[in-house]
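Here's a quick briefing on how the inside of this protein is put together. Have the structure open while you read.

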Amino acid sequence: MDCVIYTRVSLDRTGEALAVARQEADCRKLAKSLGLRVTQVYTDNDISATSGKVRPGFETMLDAQPTAIIAWHQDRLLRLTRDLERVIALNVPVYTVTAGTLDLTTPAGRAVARTVAAWSQYEGEQKATRQVAANVQRAASGVHSGRVGYGYRRDGAAVVLHDEEAATIRAAVQRVLDGDSLRSICKDLDAQHAPTPGRGAKWNSTTLKQLLLRPSLAGLTVHRGQVVGRTPADSPRVLDEDTHERIKAVLTDPVRRTAPAGREPKYLLGGIARCGRCDGTLDDAGELVPCGGVMVRAVGRWTRQANGNSKRQPPSYVCSECYRVRRKQDHVDALVEGIVVGRLQMPDAAQLFTQGDPAALQAARDTLEAIDARLANAADMFADGTIDPAQLARVTERLRADRATAAAAVDKALPAAVPAELVGANARQVWEALPMDSKRAVLQELVTVTILPSGSGKAFDPDTVQVHWKA
Ligand SMILES: [Zn+2]
């Protein structure tokens, strides 16, 4: 059978860059031992495959539709998952000198190859990230002279806090966290003649929001919209990182605590309100046993009117377990919204939302960081041949599960995400404008709703809808 050889020198892995000639020699040796005839050698030079740049040799090889591929290591052939998918599409055997056959024709083989490619890509991106972070850090410590942001100023070569601007930011942040509106903060800043971050003389909600969201205030460095690192620990910071997270949660992400979009019911209390029916049975402790169902939305039934026409009843909520509790949706929604919004309009309503647990947050973040370090370490051990693909797959599978747990712990310890201005005088307008997912998230954060049975045919009785505050 025929085969082709693919070789590549990458300058991004200093110290272990193998000369193309040596890779080719090793690959030819492997071809011989496999009884394969080498028909072509494709080479790419001096290109980091993670950069996403086109590799002419790789592209030519794919176009040539080889019957088998030999490479020195999977890393040499593909370091991006999308490269792997294109090689998989060829449906040919791939042999590597250091890690044996990549059997891309079986699901198990593809799973291992995808794991390795994902980790190679991760490793490459980490490297790029560290490089960018180093650049940004040099910039922040004054090696390059650039403009410093609002809240900071230059003192010789060093960047220090601009006391007045930093105080302006901190006061505004505190007010936002207390539930104040951006507009009222801007009004006060104008009254104090506080300098703005831009060219304009006056503050407005948009510029204030953008200013308060700047990651640089918490010493985070950003590249292309992604946080890539931190300024040195001893460099000045206007805000600590937790405060940055909280303000971000409040100003940008009202639905952070909800399930992924698409699976959420589109009705206010569907799956949230609970059935309050008890059929009279008692549990071992002598307590009434509740039905345990949640209220789901039911479209209205068709009914025949006296004049012979059919008419559809308005939609209702109905218990998913016993079907014995049913209530008109409009009535329940209006009642619950009225109670919740009325409470949100009170100035002290911010305290209804959970404030988060900074100690638990730090612990969960540390755990995440440790797991990522171990994942990176496993990728290194695979790259240098200390562990085989099966071992790598086992390690990453276990660590990925741990990582999901730690990420959930971070989310749990974060303060509640309260949409901007939902607390206070504007609560009604802000609530009306919220997307359904956000409304539902807020309700789940604040209250439990229980719908009690009522005799059929009676007018809506508000007392049969119980709203309890969680805080
Ligand atoms: Zn029920």
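Two residues are in contact here if their C-beta atoms, placed from the backbone, lie within 7 Å. Keep in mind that this is a predicted model. By that contact rule, and leaving aside neighbours within four places in sequence, Leu 208 touches Ala 172, Leu 182, Ile 185, Cys 186 and Trp 203.

**The cores**
- Leu 208 belongs to the largest nonpolar core, which has 55 residues.
- Along with Leu 208, the residues with the most contacts inside this core are Ile 169, Leu 212, Leu 269 and Ile 451.
- Helix 6 (residues 163-177) gives this core its largest share, five residues.
- There's also a second, separate core of 34 residues, with Ala 71, Leu 77, Val 87 and Phe 382 among them.
- As a rule, nonpolar side chains in soluble globular proteins tend to be buried together.

**Two sides of helix 8**
- Helix 8 covers residues 205-212, and Leu 208, Leu 211 and Leu 212 are buried in it.
- Looking down the axis of helix 8, you'd find its buried residues within an arc of 95°, so they line one face of the helix.
- Over on the other side of helix 8, Thr 206 and Gln 210 are exposed.

**Where helix 6 meets helix 8**
- From helix 6, Ile 169, Ala 172, Val 173 and Val 176 meet Leu 208, Leu 211 and Leu 212 of helix 8.
- Sorted by class, this helix 6 to helix 8 contact has seven nonpolar residues, no polar ones and no charged ones.

Methods
Residues are numbered from 1 along each chain as its sequence is written. This is a predicted model: local features need pLDDT of at least 70, side-chain atom pairs count only at pLDDT 80 or more; totals for chains, interfaces and linings use all residues. A nonpolar core is a set of buried Ala, Val, Leu, Ile, Met, Phe, Trp, Tyr and Cys residues joined through C-beta atoms within 7 Å. A residue is buried if 20 or more other C-beta atoms lie within 10 Å of its own, exposed if 12 or fewer, and partly exposed in between; C-beta atoms are placed from the backbone. Helices (H or I, at least four residues) and strands (E, at least two) are DSSP runs, numbered from the N terminus. The arc is that of the directions from the helix axis to the C-beta atoms. Ala, Val, Leu, Ile, Met, Phe, Trp, Tyr, Cys and Pro count as nonpolar, Asp, Glu, Lys and Arg as charged, and the others, Gly among them, as polar.
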